[in-house]
Amino acid sequence: ESISFSVPPEFKTRTPPYAALLTRLEKVREILNRPLTLAEKILYSHVVDPEEAFAGKNGQIRGETYLKLNPDRVAMQDASAQMALLQFMTCGMDSTAVPASIHCDHLIVGHDGAEKDLKASIAVNSEVFDFLRSCGRKYGIQFWGPGSGIIHQIVLENFSVPGLMMLGTDSHTPNAGGLGAIAIGVGGADAVDALTGTPWELKAPKILGVKLTGQLNGWSAPKDVITHLAGVLTVRGGTGYIIEYFGEGVQTLSCTGMATICNMGAEVGATTSTFPYTDSMKRYLRATRRGPIADAASAANNIHGYLRADTGAEYDQVIEINLSSLEPHINGPFTPDLSTPLSQFGEAVQKNSWPSKLSAGLIGSCTNSSYQDMSRVASIVRQAKERGVKPKVPFFITPGSEQIRATIENDGFTDVFLGAGAKVLANACGPCIGQWARDDTTRGEVNAILTSFNRNFRARNDGNPATMNFLTSPEIVTAMIYSGDMAFNPLKDKLIDANGNEFMLEPPQGDELPPSGFQQGDPEYLPLIDPKPVQSAEVVVSPTSDRLALLEPFAPFEGRELKMNVLMKVKGKCTTDHISAAGAWLKYKGHLENISNNTLIGAMNEETGEVNKAYDFDGTGYGIPELMIKWKSEGRPWAVLAEHNYGEGSAREHAALSPRFLGGRMILCKSFARIHETNLKKQGVLPLTFANEDDYNLVNGCATIETLDLLQMLNNSGAVSGVITLKVTNQDGSEHIIKTKHTMSKDQVEFFKAGSAINYIGSLRRH
Ligand code: F3S
């Protein structure tokens with residue numbers, strides 16, 4: 001078919017390579033020879049070599065086959081971008097292999113309103129922002145500065161496109177699925193794979209189909225689809241799955257509403273979520289000045305329905321939701337899967353002794369700050385104003401982007417909100433990520449807040465563990481602030497107007513898109529569409545900074561058998577939180593030496609039962625990182641022994657970077673959590689498991705361990721898993737030969753030899 005996907009030059013880097021993707025998809029179809037779901041089509045058409053990935057697998061792909069993927073784009077937020085870029089810099093490349101963007105949003109505190117807050121946050125974080133800006137300039141990465149907006153909203157407005165596959169260094173990256181993309185949240189080292197053009201590996205997810213029928217009405221909103229679904233699936237129900245929506249109800253949703261639904265798929269642990277191509281996506285693309293991209297997407301969709309599931313495609317699981325009968329939901333406190341339909345919420349408040357009074361209402365964030373959200377909220381605020389009623393509790397609004405802020409100002413909504421006493425915060429994460437300088441409550445004071453955000457772990461918003469945080473749609477948050485009563489149900493309860501008369505709020509009304517178009521706002525915030533790398537640009541890192549430090553590449557493997565000492569034996573559960581604690585340490589995300597002072601401080605010493613205690617040869621006790629630093633300065637490589645599922649929890653890459661930085665060469669345990677094991681391999685640490693678990697008991701602290709056949713394994717370049725033999729000499733002179741297992745692939749052997757995956761990738765790029 002002679003269909004053209006060509007777009008004007010300024011749209012090129014923002015349009016998926018449809019022609020190439022469709023060609024690859026044809027190959028996939030030939031091999032798999034069965035109907036495909038939408039998520040499969042997008043994902044599999046980004047596989048580097050379909051032949052290698054799928055041939056001979058007998059169709060057993062989902063949940064089993066590792067896919068090597070070529071993502072189209074990368075987005076990074078300011079907190080996680082620091083380590084991603086520091087690692088990227090060590091590869092020695094002049095520019096990124098795929099288009100990328102940096103977004104300054106997480107480090108901005110909400111307190112007094114946008115203008116003052118932004119100034120104050122820039123003052124405190126300027127060295128981090130300057131570093132990120134300089135990286136953007138040097139490597140040709142779009143830099144969206146503080147105040148420009150929240151990563152996911154900007155991605156939706158500018159980069160997300162049906163059929164795109166992208167990575168983002170933030171867990172809510174799946175928001176882009178509202179525009180039909182496959183967008184996955186990852187850690188920095190994974191982002192570096194894409195930034196350097198190295199295939200990124202993912203075990204093919206299973207596909208959970210959610211069939212939507214009917215149409216939302218009255219007070220119900222897209223948010224209720226996902227707050228309801230979270231209750232059905234629970235926080236782990238989506239693990240290992242992509243959630244793919246389908247059914248005639250999909251066509252009734254706005255593009256931004258679908259983004260809200262995809263955004264919170266992260267709350268059920270899903271790899272990502274996505275929607276088939278709809279007219280509302282087309283309208284959104286045009287409204288955000290991307291008409292030619294909409295045309296290209298339509299053309300791609302016309303070829304065998306690329307942007308929707310094939311007829312007869314099978315899902316691993318299907319859940320059906322009837323939008324027509326879906327009622328508003330409120331989820332929480334403290335977990336997003338505690339879902340209560342609004343009609344039962346008053347009763348739940350009583351039964352659980354949750355506070356009966358609301359203390360604050362917050363709307364916006366990356367989850368819910370679309371034009372549609374804001375216009376529907378404005379319709380409620382206007383009704384209240386007509387009746388002379390003011391909110392009973394503080395009301396905060398965080399616009400998701402400068403474009404949204406400028407558009408709602410232009411269309412009069414901002415005046416409506418300010419007239420009601422609302423505080424409009426900066427276009428940034430603010431209270432959603434604990435950056436809320438709240439002064440109306442004290443720490444420990446039990447109180448209830450309602451937000452239209454996505455996550456409600458304890459202390460997430462205001463740092464107060466006693467604040468009960470409930471998630472719901474912006475419409476319901478807004479209705480509730482006029483009552484102040486947690487049991488209020490706007491569908492049936494009345495408010496009292498200024499004259500003492502009872503009245504009911506009408507269901508909200510709003511526009512999907514701004515009738516007079518989106519305003520771009522302050523042009524200062526707009527980066528160049530395709531910034532060219534400036535090789536002469538200097539990356540700004542102050543040598544005296546305690547927040548940022550350039551990374552020195554780890555030394556390559558020395559080419560001889562390893563000899564090291566056991567720094568400690570860890571007892572029991574050891575998650576990435578035990579290995580690399582978060583909280584106050586997050587400040588040092590860009591400074592490996594400083595953050596490494598937290599290494600394994602949560603781990604328990606098997607020999608003494610103490611936490612954060614390890615012992616030197618002469619019996620002197622040290623904090624674990626202190627002993628690591630001492631041994632490193634003495635040129636003494638070390639190993640840590642551990643039990644089952646070492647490194648469970650998050651993909652936190654500092655849990656592998658810090659041990660490596662402090663001289664760790666090997667982690668020997670009974671079993672690993674898979675992502676952490678991969679992270680160790682990426683950083684050049686040898687991850688081994690006991691062939692016989694009981695051998696854990698044969699090794700003592702300070703024992704000397706020598707590898708006997710590591711070289712043989714490394715030289716056998718076809719190795720994928722195998723046995724490595726260790727000689728253990730305990731301090732009491734007892735000796736043991738023990739067998740261990742490794743799972744290093746061919747590539748991972750090369751990572752180890754080079755010193756790290758980044759070193760290896762860097763050497764490939766330079767040659
Ligand atoms: Fe920011 Fe909260 Fe979204 S932290 S990216 S607004 S989830």
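At roughly what angle do the axes of helix α10 and helix α11 cross? The axes of α10 (residues 279-287) and α11 (residues 291-302) cross at roughly 150 degrees and come within 7 Å. Helices here are DSSP runs of H or I with at least four residues, strands are E runs of at least two, and both are numbered from the N terminus. Axes are lines fitted to C-alpha atoms, for helices over the stretch in contact, with angles from 0 to 180 degrees between N-to-C directions. The two helices are therefore roughly antiparallel, a label for angles over 145 degrees, while angles under 35 count as roughly parallel. Lys282, Leu285 and Arg286 of α10 meet Gly291, Ile293, Ala294 and Ser298 of α11. Contact requires C-beta atoms, placed from the backbone, within 7 Å. By class, this contact has three nonpolar, two polar and two charged residues. Ala, Val, Leu, Ile, Met, Phe, Trp, Tyr, Cys and Pro count as nonpolar, Asp, Glu, Lys and Arg as charged, and the others, Gly among them, as polar.

The model is predicted: local features need pLDDT of at least 70, side-chain atom pairs count only at pLDDT 80 or more, and totals for chains, interfaces and linings use all residues. Residues are numbered from 1 along each chain as its sequence is written.

Now take α8 (residues 222-233) and α9 (residues 255-263). Their axes come within 8 Å and cross at roughly 20 degrees. That makes α8 roughly parallel to α9. Pro222, Lys223, Val225 and Ile226 in α8 meet Gly257, Met258, Thr260 and Ile261 in α9. The contact of α8 with α9 has five nonpolar, two polar and one charged residues.

Next, the domains. The protein is divided into domain 1 (15-324), domain 2 (327-504) and domain 3 (563-766). These bounds come from an automatic or database domain assignment. The C-alpha centres of domain 2 and domain 3 lie 46 Å apart.

The ligand comes next. Domain 1 and domain 2 each supply at least three residues to its shell. Of the 13 residues around the ligand, Ser365, Cys366, Cys429, Cys432 and Ile433 come nearest. A residue is near if its C-beta atom, placed from the backbone, lies within 6 Å. The shell has six nonpolar, five polar and two charged residues.

Finally, look at the loop between β12 (329-331) and β13 (339-341), which holds proline 333. A cis peptide bond joins glycine 332 and proline 333, with omega about 0 degrees. Phenylalanine 334 is found in the loop between β12 and β13. Phenylalanine 334 has a positive phi of about 70 degrees, although it is not a glycine. Most residues other than glycine have a negative phi, and most peptide bonds are trans.

Terms used: Parallel < 35°, antiparallel > 145°, perpendicular 65-115°, else oblique. Contact = placed C-beta atoms within 7 Å.
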